Amino acid sequence: MAKSALLKSSLAKKYWMALTGLFLCLFLVGHLAGNLQLLTPDNALNFNKYALFMTTNPAVKVLSYLTYASIIFHAIDGAMLTYQNAKARPVKYAKNNAAANSAWSSRNMGVLGTVILVFIVTHMITFWAPMHFDKNMPLQTQTITMNGQPSEYYLTTDGSYLPKQQVDQKVIYIKNRTEFYNAQANVKIKEGYKDLYKITVAFFKDAKYGLVYTLLYVLSMAVLAFHLHHGFASAFQSLGANNPKYNGLIKGFGKGFAIIVPLLFAIIPLYLHFILKA
Amino acid sequence: MALDSKIPSGPIADKWTNYKNHINLVNPANKRNIDIIVVGTGLAGGSAAATLAELGYNVKAFCFQDSPRRAHSIAAQGGINAAKNYMGDGDSTFRLFYDTVKGGDYRAREANVHRLAEVSANIIDQCVAQGVPLAREYGGLLDNRSFGGTLVSRTFYAKGQTGQQLLLGAYSAMNRQIGRGKIKMYNRHEMLDLVLVNGKARGIIARNLITGEIERHSAHAVVIGSGGYGNVFFLSTNAMGSNATAAWKIHKKGAFFANPCYTQIHPTCIPVSGDHQSKLTLMSESLRNDGRIWVPKSLEDAQAIREGRKKPTDLSEEERDYYLERRYPSFGNLVPRDVASRAAKERCDAGFGVNRTGEAVYLDFASAIQRYGKTQAHIKGLDENDKALVTKLGKAVVEEKYGNLFQMYEKIVDQNPYETPMMIYPAVHYTMGGTWVDYNLMTTIPGCFSIGESNFSDHGANRLGASALMQGLADGYFVLPYTIGDYLAPDIKTGTISTDLPEFVEAEKNVREQLEKFINNNGKHSVDHFHKKLGKIMWDKVGMARNAQGLTEAIAEIAALREEFYADVKVPGSMVGFNQELEKAMRVADFLELGELFAKDALHRNESCGGHFREEYQTEDGEALRDDQNFAYVAAWEYKGKPSDAVLHKEPLVFENVKLVTRSYK
Amino acid sequence: MKLTLKIWRQKNAADKGQIVDYPIDGVSPDMSFLEMLDVLNEQLINRGEDPVAFDHDCREGICGMCSLFINGEAHGPDRGVTTCQLHMRMFKDGDTIFIEPFRAKAFPVIKDLVVDRSSFDRIQHAGGFISINTSGRTIDANTIPIPKHDADRAFDAATCIGCGACVASCKNSSAMLFVSAKVSQFALLPQGKVEATDRVLNMVNQMDAEGFGNCTNTGACEVECPKGISLENIARMNREYLSASIK
């Protein structure tokens, strides 16, 4: 009996690239849906609610671990492919007119992927890490003017408001970054929202680097677009889905996906930097 | 020495069966102790190697190409005949037998041809079982088409790539045996001599074309399946590497060479375009199913076309001479190849040629396009009188049938054959002659067999279309594997043949000396220079029409050219490593001898038959005039040192089942 | 036409090799590319230089022997042709033409432009066949009807000439198009289904062992393939391998 090598063989590598790639496409859709909250009215609360959901929901947790694993696997598998492929042609051509037979994006998936990986890492350092680990992560507050007297309130997950004053006066203290405790009774009374929105806006509106960040994000999304431009339809081919009847549909959808998703992602920093009033 | 063809007795239909039932077999355990060398991996050699290995023999297969899959059988386009009668048009083994004997102008051995017809049907079964994707009809069953010289449709095909598909089938059978270790494959190896031990073929000397090493290989029998010698003409439809060296080396060691003058000039090839031309490209005979061949009726029109003042499409139907339909109303454009070629030459010699050099005729698909288009329109319920629509539909049908050929033509000639008729002219294509073999396919050297195009046996003086593939596979799959057992049966106790025997040492020394001579020659001209000169002599004087004077001149000229070649050829590089010029030099050296024997054979055969047309022997209306009284024999030549000294042996041809008549396709 | 040829010269497998310039004059547009090289070689021989070694045989686009990476493309700039069918009318007077061997680790150079493609043969040894013996007593060819559509697609896959242009064009030197063509031919026919599982596993394993790269679906192979073998075949092989693997 011939042996299959579902982990080692050239074809298996393609399957894993395709499966992880397609899963990451799904992730993109979910992530985009959340991020678009940044553009909605009452944006801060919607976005922070989404951020809270993403960090606490058990199903999301599972998905997020899958996503991390996919990214890592996709990257490692890709790196291995690139390495093996480079080895398969030890002497290069003096002249190679590759543009005559293939798309630029398809030939540069490794480079594009590396850029995306760098982006993901920095993106996580900027937003994901404070969200998860930063002890000083601010909680969302809102200034409410009553009787002409503005005062700040924490927004809490049950929809009520907690005067910031009480925390300042140590009537209430904050534990575990988001939990409000009654200082006297030592019981948890409410929970606040980590203000990821604030961090996000501050990042893109940074007086010194805001413009640079915005442009780098837009550029990264362009890179993602090229990566998806080849990757989406390619994943179907790798999994054996190639039928003249449906190829047009897959390719068309893939192209649309590759343009629309990164475009929507890119709109967000542009909006935050240029349009949103401080 | 009297030639014994070993044809079994009895009624023709039973000969092969009875013979098989009574010949010696080698038992499976003993086959393991027997080695067989197969030289050449085309349809004959490849199928033989695979089958012999399946049977249990240890096979060593040799080819000069970088893979057995590249043998020139791959280029056969049109199809393969088989008496399956799937079309229900009255075909039978006897009809295929009869057509082949008649097509060969009554110069083939009845018994061999009948055997060929008998096994033809098995070939199709075998190939389909191997996964050869032959063309099918919408019902899922195999399709057939008709070919020249027959009145039934018995040709199986795979578009215009039948040879490719059949060869890949044989190659796949070889692969299975190579994978199992039963065939040891020697790619990029060229056989340069046969080794005889005690009068029996016991091995070969081969050169590794990559390293230049000269190797000795021993075996209990040697099978030559190295193809034909059409490249003696330099320009032919053969591959650049196709050569006669293996066949010629065994001839020099004692195998008689039969009927070298029987050469097929194929009528539908792309005409020569200039001096730089290195080979000629065939357009499948199947095109004559649908294409109509014509030249202008008037010399003025022909001249106007040659000078580019008129286009073929400018000429009305009345201004065209469909000369095959005119001369041969019953077979029309589907006359056999020799007849079609001569008719084209006749028209061009008379000044009606249509390309710059006046050596081309038209092959026109306009009426086929209209005919098919109308049928399609009818089937689809569309308007049959809409000319543009009909043309479009018709073109689609023609493309489906011949697309790859049309594309090939357009790439070479830079004209669109859907719009303007193709230009074609005859070119050297196949050699019916070859090493003489008996009914067992064994040459006059015991233990040396010859199969496929390299032997002379089945096609007489002219081969019908789609019969070469049939013969190659018949020999390799179904004939040789049986008959070789009869020879090998006494050899089961012989044991491995040592390559240290003095015969091997001597043969290797001779090969080495010849190679060294070329390397050290320091002449002035390249090998091609001489090959082209030889080709010109052959084409001008030993080509489509021959006469005694031309042939006599050719013999002298070739002999002189050979001397000049040895004195003045320049082979760069060294014996070590890859040296393509050295390969060519060895091959051309053999062509220079073979060409002379070819002319000598043509000169001695004072008749016209099949591919051999002597101008002195023709009827009043220019048809071939056979002389059955004096020439109904196989001319087998024995090597005696120089081609001019070759000794003629005659094997009389006895016809018991087919009546000899003047071949008429009118 | 007057041209400058930049040809890869390499004495043998061990030699490092380099590009050498050869000016050539008097090239006719009707010549095939290989005939142009014949002319060059004739001149080199007459000058006492070593002629350029290149593989070629049938010169009608079917044997798959000719190779050459011409101006950055396998079999040159024309489509649907092998190098022997490429004509000089595709080039302009004064052009510079790069001529290199097909490059891949699995196709080591033998000399100049000649490479060793026996890795292709070894892949076929691993499974490029249907295991039946030659008996002439197999079932009648018409016993199993095969839908014309399937037969035609099997034929299209079977027209692969094994030239290696797919490997040469692929940025990864992948042999997937070649291997998938054979896998597809048999996978599409009932005769081939019997051994389908082992065939695809064995052939893919051998392909990997030969050191070919992996497919990243750039599609370059399909574009440069002289016989237009479709990427559908690679997808079919992917399916076949997947289903064979989980059996």
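Contact here means heavy atoms within 4.5 Å, and helices (H or I, at least four residues) and strands (E, at least two) are DSSP runs numbered from the N terminus. All views come from a predicted model, where local features need pLDDT of at least 70, side-chain atom pairs count only at pLDDT 80 or more, and totals for chains, interfaces and linings use all residues. Residues are numbered from 1 along each chain as its sequence is written, chains are lettered from A and ligands numbered from 1 in the order in which they are written, and side-chain values use heavy atoms, with hydrogens and water left out.

**View 1. H5(C) meets H9(C) in a left-handed crossing.** Helix H5 (residues 176-187) and helix H9 (residues 232-245), both of chain C, pack at about 70° with their axes 8 Å apart. Axes are lines fitted to C-alpha atoms, for helices over the stretch in contact, and angles run from 0 to 180 degrees between N-to-C directions. That makes the two roughly perpendicular, the word for 65 to 115 degrees (under 35 is roughly parallel, over 145 roughly antiparallel, the rest oblique). Left-handed means that the near helix is turned anticlockwise from the far one by less than a right angle; clockwise is right-handed. On the H5(C) side, look for C:Met176, C:Leu177 and C:Val183, among others; they face a set in H9(C) including C:Ile234, C:Arg236 and C:Met237. By class, this contact has eight nonpolar, three polar and two charged residues. Ala, Val, Leu, Ile, Met, Phe, Trp, Tyr, Cys and Pro count as nonpolar, Asp, Glu, Lys and Arg as charged, and the others, Gly among them, as polar.

**View 2. H1(B) packs on H5(B).** Here helix H1 (residues 12-22) and helix H5 (residues 110-129) of chain B sit at about 75°, axes 9 Å apart, and are therefore roughly perpendicular too. B:Ile12, B:Ala13, B:Lys15, B:Trp16 and B:Thr17 of H1(B) touch a group in H5(B) that includes B:His114, B:Arg115 and B:Glu118. The tally is five nonpolar, two polar and four charged residues.

**View 3. Chain C against chain B.** Of the two pairs of chains that touch, B and C make the most contacts, with 75 residues of chain C in contact with 78 of chain B. Together they bury about 6200 Å², 50% of it on carbon and sulfur atoms; buried area is the accessible area (1.4 Å probe) that two parts lose on being put together, summed over both. In chain C, C:Glu60, C:Thr134 and C:Lys148 lose the most area to chain B, together 11% of what that side buries. No contact joins chain A and chain B, whose closest C-alpha atoms lie 14 Å apart.
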